[in-house]
Amino acid sequence: MGIKLLAVGAAAAVLLAPGAAVLGVATLISPAAAGSGSCMWDGQATESLGVSGPVPDSLSATNTNGETVTLNQQQLTRAAAIIATGQSENIPARGQMIAVMTALTESSLRVLSNTGAYPDSGDIPNDGDGSDHDSVGLFQQRPAAGWGSVENLMDPVWSSRAFYGGPSGPNHGSPRGLLDIDGWASMDPGAAAQAVQVSAYPDRYAVNQPIAEKVLATLSGVSLSSEFACAQSAGEVPMNLPPGFAGDFIKAAASQLGKPYVWGGGNFEGPTGGGFDCSGLVLYAAYQASGGRIRLPHYSGDQIHAGTGIPWALKRPGDLIFFSYPGAGGPHHVAIYVGGDRILHAPRTGDVVRYGTIGEFSGAVMTVRRLG
């Protein structure tokens with residue numbers, strides 16, 4: 001399976017090397033254990049997601065290279081078929097996201113014929129013609145490699161079942177689908193996709209993970225964490241909130257779940273420009289939870305000086321976690337800690353206010369502060 005480029009182009013993901021030193025009592029380099037904590041909503045951790053409501057006319061999202069990609073309704077309809085097939089096969093949400101990410105990378109979510117290798121494939125309903133070896137369909141699977149017939153692989157449902165694999169998959173583990181990969185659910189999504197596709201360009205899948213997340217969240221109507229350990233309805237507030245300011249702080253931020261990320265967005269009264277950025281969400285929630293007593297500045301580099309520094313091992317729900325690139329002079333992101341590995345934040349352009357995981361920032365320098 002050779003490389004397929006989105007309209008905006010593809011580039012290798014930039015990986016930040018972890019830092020090498022602890023930077024103070026309340027600051028540390030992300031520990032390995034931070035990426036897989038317990039989930040506050042583990043009842044949904046293995047559930048599949050369905051398609052909710054009509055498919056939108058278009059959707060724009062930003063990949064890890066900072067490039068904005070706009071998908072049309074036909075591409076989103078193909079994504080909806082992948083998601084619906086996953087639900088029928090009881091594939092966890094994480095697996096559905098990996099499938100959407102893979103098809104997005106391989107074909108830009110298009111059913112591609114390949115008239116150079118299979119002249120008759122042009123007569124099968126398609127969204128365009130590809131030319132990568134003998135690959136066809138959404139996932140650019142190869143008939144010669146045993147994935148299935150040309151007709152089957154140009155069927156979005158059949159090819160999705162082949163990608164998912166598992167006991168009910170059409171290929172019975174040869175070639176291996178996602179569920180046939182040992183430990184796929186604990187692998188990095190890009191690595192899991194590569195284990196199925198065996199691409200000559202293994203790093204390209206992860207570039208499109210943020211887009212796949214937004215597609216899945218939009219089509220399912222569910223707000224999802226980036227690591228897809230669990231799914232949480234966009235309007236839900238965590239149970240067992242701590243008493244006092246900390247619980248009110250989380251509750252105030254959670255009242256804005258689903259609001260779009262807007263750079264510079266948010267003030268003491270609510271969203272501005274239609275949404276929040278990370279520090280705007282924090283200043284809003286702190287002001288509301290304190291009855292107007294806490295008035296934070298709208299910049300994470302200033303907010304990091306507010307409150308009291310807390311050792312990592314003593315953090316508790318309602319604390320702030322600031323994330324910095326190793327060697328940087330200040331943080332580039334702030335989130336509200338809600339317990340386990342979970343955070344509540346406004347992540348980035350193209351995303352929404354949502355729950356996430358500390359593991360999304362593996363390799364970052366982390367600083368804990370407590371307001372009150």
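This section describes the cores, helix packing, strand pairing and aromatic pairs of a predicted model. Residues are numbered from 1 along each chain as its sequence is written, and side-chain values use heavy atoms, with hydrogens and water left out. Local features need pLDDT of at least 70 and side-chain atom pairs count only at pLDDT 80 or more, whereas totals for chains, interfaces and linings use all residues.

The largest nonpolar core has 47 residues. A nonpolar core is a set of buried Ala, Val, Leu, Ile, Met, Phe, Trp, Tyr and Cys residues joined through side-chain atoms within 4.5 Å. Buried means under 20% relative accessible area, exposed over 50% and partly exposed in between, with a 1.4 Å probe and protein chains only. Leu71, Ile82, Ile98, Phe163 and Val215 touch the most other members of this core. Among the elements that each supply at least two residues are strand 2 (58–62), strand 3 (68–72), helix 1 (73–88), helix 4 (156–164) and helix 7 (209–220). Helices (H or I, at least four residues) and strands (E, at least two) are DSSP runs, numbered from the N terminus. Helix 2 gives the most, with eight residues.

Ile82 illustrates the packing. Leaving aside neighbours within four places in sequence, Ile82 is in contact (heavy atoms within 4.5 Å) with Ala99, Val100, Ala103, Leu109, Leu138, Phe139, Ser160 and Tyr164. A second, separate core of 33 residues includes Phe249, Ala253, Tyr284 and Leu371.

Helix 1 and helix 7 pack at an angle of about 80 degrees, with their axes 10 Å apart. Helix 1 is therefore roughly perpendicular to helix 7. Axes are lines fitted to C-alpha atoms, for helices over the stretch in contact, and angles run from 0 to 180 degrees between N-to-C directions. Angles under 35 degrees count as roughly parallel, over 145 as roughly antiparallel, 65 to 115 as roughly perpendicular and the rest as oblique. Helix 1 contributes Leu76, Ala79, Ala80 and Ile83 to the contact, and helix 7 contributes Val215, Leu216 and Leu219.

Helix 8 (residues 244–254) has eight of its 11 residues buried, so this helix is largely enclosed by the rest of the structure. Its buried residues include Phe245, Gly247, Phe249 and Ile250. They pack against helix 9 (278–289), strand 9 (320–324), strand 10 (333–339), strand 11 (342–345) and strand 12 (354–357).

Strand 10 is mostly covered, with seven of its seven residues buried. Two strands pair if DSSP finds at least two bridges between them. Strand 9 and strand 10 run antiparallel and are joined by four bridges. Strand 10 and strand 11 also run antiparallel, joined by three bridges. Ile336 of strand 10 is the bridge partner of Leu320, and Leu344 in strand 11 is the bridge partner of Ile336. Two residues lie between the strands in the hairpin of strand 10 and strand 11, where Gly340 takes a positive phi near 60 degrees.

Six aromatic pairs were counted. Rings of Phe, Tyr and Trp (its six-membered ring) pair if their centres lie within 6.5 Å; planes under 30 degrees apart count as stacked, over 60 as edge-to-face and the rest as tilted. The ring centres of Phe163 and Tyr164 are 6.2 Å apart and the planes are at 70 degrees, so this pair is edge-to-face. Phe163 is buried at a relative accessible area of 0%, and Tyr164 is buried at 1%. The rings of Phe245 and Phe249 have centres 5.3 Å apart and planes at 20 degrees, so this pair is stacked. Phe245 and Phe249 lie four residues apart in helix 8, about one turn. Phe139, Phe163 and Tyr164 form one aromatic cluster.
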